[in-house]
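Subject: Handover of a structure

Dear colleague,

Please find the structure below for your records. My notes on what was found in it follow directly after.

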Amino acid sequence: GLRWVSSDEGEVEFPTTFANRTMYLCWKLGDDDLVYWRQPEQSFDLRERIPDQALATLSSAARF
């Protein structure tokens, strides 16, 4: 479920599995959409933008 990273900074993340890998979808106050991710061993500051192709796959699977 939802996990607060920093309530002061408005940072939250959502654990998920994609392509048989555990990852976290990351959102920070001020982000327009949920389009960032990080690996479990990375800090929130090293989050990366989800590639467009993977984002389309995630959206399709979630029926967005």
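In the hairpin of strand 1 and strand 2, which residue takes a positive phi? Glycine 10 does, with a value near 70 degrees, and this hairpin has four residues between its strands.

Before the remaining points, a note on conventions. The model is predicted, so local features need pLDDT of at least 70 and side-chain atom pairs count only at pLDDT 80 or more, while totals for chains, interfaces and linings use all residues. Residues are numbered from 1 along each chain as its sequence is written, and side-chain values use heavy atoms, with hydrogens and water left out.

**Overall architecture**

The chain contains one helix and five strands; both are DSSP runs numbered from the N terminus, helices being H or I of at least four residues and strands E of at least two. Along the sequence they follow the pattern β-β-β-β-β-α. The radius of gyration is 11 Å, close to the 11 Å that the globule rule gives for 64 residues, so the chain is as compact as a globular protein of that length. Here the radius is taken over C-alpha atoms, and the rule is 2.2 Å times the number of residues to the power 0.38. Along the principal axes, the C-alpha atoms fill a box of roughly 35 × 25 × 20 Å.

**Strand pairing**

Two strands are said to pair if DSSP finds at least two bridges between them. Strand 1 (residues 3–6) and strand 2 (residues 11–18) pair in the antiparallel sense over three bridges, and serine 6 stands opposite glutamate 11 in strand 2. Strand 2 also pairs with strand 3 (residues 21–28), again in the antiparallel sense, over eight bridges. In that pairing, valine 12 stands opposite tryptophan 27 of strand 3. Strands 2 and 3 form a hairpin with two residues between them, and alanine 19 in the turn has a positive phi of about 55 degrees.

**Burial and aspartate 45**

Of the 64 residues in the chain, 28% are buried (buried means under 20% relative accessible area, exposed over 50%, partly exposed in between, with a 1.4 Å probe and protein chains only). Aspartate 45 lies in the loop between strand 4 (36–38) and strand 5 (48–49). This aspartate 45 is exposed, with a relative accessible area of 67%.

Yours sincerely,
A colleague
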